[in-house]
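Please keep the sequence and the structure open while reading.

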Amino acid sequence: MGGLVHTIQFVFGIVGNAATLFLFLVPTFTFKRIIENKSTEQFSGIPYVMTFLNCLLSAWYGLPFITSNNILIATINGAGAAIELIYVLIFFLYAPNKQKGKILAMLILVILAFAAAAVISVLAFHGKNRQLFCGTAATIFSIVMYASPMSIIRLVIKTKSVEYMPFFLSVAVVVSCSCWFTYAMLGMDPFIGISTGVGLALGIVQLILYFIYCDKKILNKKTSATDESLQNMGNDYSNNVKCYNDEKQSNFHEQV
């Protein structure tokens, strides 16, 4: 029975790896737009910095000398850290000068925070205590990472537009967190379970907001198109009346 549970957990880990890799790659569309426009517009760089830190801590937590049987956690988060670092550097390159300092300061703090956590975990803790320390740190910053899009959620509610909340990114969050939450429950890992459970809940909230304001966006477009069509019809009518009056006046002068 234990072997079957471990196999099912491994399968969910593989699916979770694929879903999480997709999650890490979804922002490439956003950064393609940033590079083409040479501007970060209203996109926020904070989620990418926090995701970078989360990937570093989660990869560290998944290493064999911290926890056992979590190598899938270490590999996908190691890849994620490299991808997120590229995103942060691109964002820094095209961000306004006011945001450059903020992003650079956050990136330096993130690197220092990870280095401190890694050194402390190796020198000050052993066995279960090391796992507890690393798991707690990874969980806290995972929750911060999943909560970082709250700024975008506020923007969506304020502007009633989902332009700056990519749909596929929200879907990827839900799929990825669902897989890892199941993985954690099967492996009885509370640290992974808590963080991905929070991420799953916030991802569902994002999808709900998307469907609410996406419909309004489409409705507004249709209304604008209808108004424009009516305005064009009115202009055409006025032009036809003017032409008719001009023609009638011209015929009157010819008769006279």
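## Loop residues, fold and helix packing

Lys38 is exposed, with a relative accessible area of 61%. The model in which this value was computed is a predicted one, and its protein has nine helices and zero strands.

**Loop residues with positive phi**

- Lys38 sits in the loop between helix H2 (28-37) and H3, and although Lys38 is not a glycine, its phi is positive, at about 55°.
- Asn69 is placed in the loop between H3 and H4, where its phi is near 60°, again a positive value in a residue other than glycine.
- Asn69 counts as exposed because its relative accessible area is 58%, and the cut-off for exposed is over 50%.

**Overall fold**

- Read along the sequence, the protein follows the pattern α-α-α-α-α-α-α-α-α, in keeping with its nine helices and zero strands.
- Of the 256 residues in the protein, 40% are buried.
- When contacts between residues at least 6 apart in sequence are considered, 76% of them join residues at least 24 apart.

**Annotated spans**

- According to UniProt, in an unreviewed entry, the feature "transmembrane region" is placed at residues 6-26, 46-66, 72-94, 103-125, 137-157, 164-185 and 191-213.
- In the span of residues 46-66, which is 81% helix and 0% strand, the end C-alpha atoms lie 28 Å apart.
- In the span of residues 191-213, which is 100% helix and 0% strand, the end C-alpha atoms lie 34 Å apart.

**Packing of H3 and H4**

- Helix H3 (residues 46-62) packs with helix H4 (residues 71-94) at an angle of about 155°, and their axes are 7 Å apart.
- That angle makes H3 roughly antiparallel to H4, because angles over 145 degrees are counted in this way.
- The crossing in which H3 passes H4 is left-handed.
- On the H3 side, the residues that meet H4 include Tyr48, Phe52, Asn54, Cys55, Ser58 and Gly62, while on the H4 side the residues they meet include Ile71, Asn77, Gly78, Glu84, Tyr87 and Val88.
- By class, the contact of H3 with H4 comprises 13 nonpolar, seven polar and one charged residues.

Note on methods:
Residues are numbered from 1 along each chain as its sequence is written. This is a predicted model: local features need pLDDT of at least 70, side-chain atom pairs count only at pLDDT 80 or more; totals for chains, interfaces and linings use all residues. Side-chain values use heavy atoms; hydrogens and water are left out. UniProt positions are given in the numbering used here, feature names are shortened, and annotations may be inferred rather than shown by experiment. Helices (H or I, at least four residues) and strands (E, at least two) are DSSP runs, numbered from the N terminus. Axes are lines fitted to C-alpha atoms, for helices over the stretch in contact, and angles run from 0 to 180 degrees between N-to-C directions. Angles under 35 degrees count as roughly parallel, over 145 as roughly antiparallel, 65 to 115 as roughly perpendicular and the rest as oblique. A crossing is left-handed if the near helix is turned anticlockwise from the far one by less than a right angle, and right-handed if clockwise. Contact means heavy atoms within 4.5 Å. Ala, Val, Leu, Ile, Met, Phe, Trp, Tyr, Cys and Pro count as nonpolar, Asp, Glu, Lys and Arg as charged, and the others, Gly among them, as polar. Buried means under 20% relative accessible area, exposed over 50%, partly exposed in between (1.4 Å probe, protein chains only).
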